[in-house]
Amino acid sequence: MKLETERLILKEIDESYTDDILKIRSNSYINQYVKRNSPKNNYETLEFILHIKNKRRNNEMLFWEFLSKIKETS
């Protein structure tokens, strides 16, 4: 599923986001503020993604990727 607004693209996560999700969920700075079990590798990250997808199929959860359409200028 994909939704678009004037400024954003919202997409459901899938296996193609494994590397990006690993970087975010294992970031020590972010994890100071978010209490969770951080994945240690791509396999654990993939398990997380599949868990989210299963919850979505059962209408228990939504988990979106947010992309900005606005280009940053320097």
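N59 is placed in the loop between α3 and β3, where helices (H or I, at least four residues) and strands (E, at least two) are DSSP runs numbered from the N terminus. Although N59 is not a glycine, this residue has a positive phi of about 55°. At 63% relative accessibility N59 counts as exposed, on a scale in which buried means under 20% relative accessible area, exposed over 50% and partly exposed in between, with a 1.4 Å probe and protein chains only.

The structure is a predicted model, in which local features need pLDDT of at least 70 and side-chain atom pairs count only at pLDDT 80 or more, whereas totals for chains, interfaces and linings use all residues. Residues are numbered from 1 along each chain as its sequence is written, and side-chain values use heavy atoms, with hydrogens and water left out. The mean pLDDT, the predictor's confidence in each residue from 0 to 100, is 91 for the protein chain, and 97% of its residues reach 70 or more. Among the elements of the chain, α3 has the highest mean pLDDT (95) and β3 the lowest (89).

The protein chain contains 3 helices and 3 strands, which follow the pattern β-β-α-α-α-β when read along the sequence. Taken along the principal axes, the C-alpha atoms fill a box of roughly 35 × 35 × 20 Å. Of the 74 residues in the chain, 22% are buried. The accessible surface comes to about 6,100 Å², of which 51% belongs to carbon and sulfur atoms; accessible areas come from the Shrake-Rupley method with a 1.4 Å probe, and for residues only the protein chains shown count as cover. Contact means heavy atoms within 4.5 Å, and among the contacts with a separation of 6 or more, residues 24 or more positions apart account for 58%.

The largest nonpolar core is made up of 6 residues, namely I13, Y17, I21, F48, I49 and I52; such a core is a set of buried Ala, Val, Leu, Ile, Met, Phe, Trp, Tyr and Cys residues joined through side-chain atoms within 4.5 Å. Helix α3 gives the most to this core, with 3 residues. In soluble globular proteins, nonpolar side chains tend to be buried together.

F48 counts as buried at 17% relative accessibility, whereas F63, with a relative accessible area of 31%, is partly exposed.

The ring of F48 also has the charged end of R25 over it, 3.9 Å from the ring centre; a charge is taken to sit over a ring if NZ of Lys or CZ of Arg is within 6 Å of the ring centre and within 35 degrees of the ring normal. R25 is placed in helix α1 and, at 14% relative accessibility, counts as buried. Apart from neighbours within four places in sequence, R25 is in contact with N31, R36, N37, S38, P39 and F48. Between R25 and R56, 31 residues apart in sequence, the C-alpha to C-alpha distance is 19 Å.

L22 also lies in helix α1 (residues 18-25) and is buried, with a relative accessible area of 17%. Beyond its neighbours within four places in sequence, L22 is in contact with P39, K40, N41, N42 and T45. By contrast, M1, found in the segment before β1 (2-4), counts as exposed at 55% relative accessibility. With neighbours within four places again set aside, M1 is in contact with L10, K11, E12, R56 and W64.
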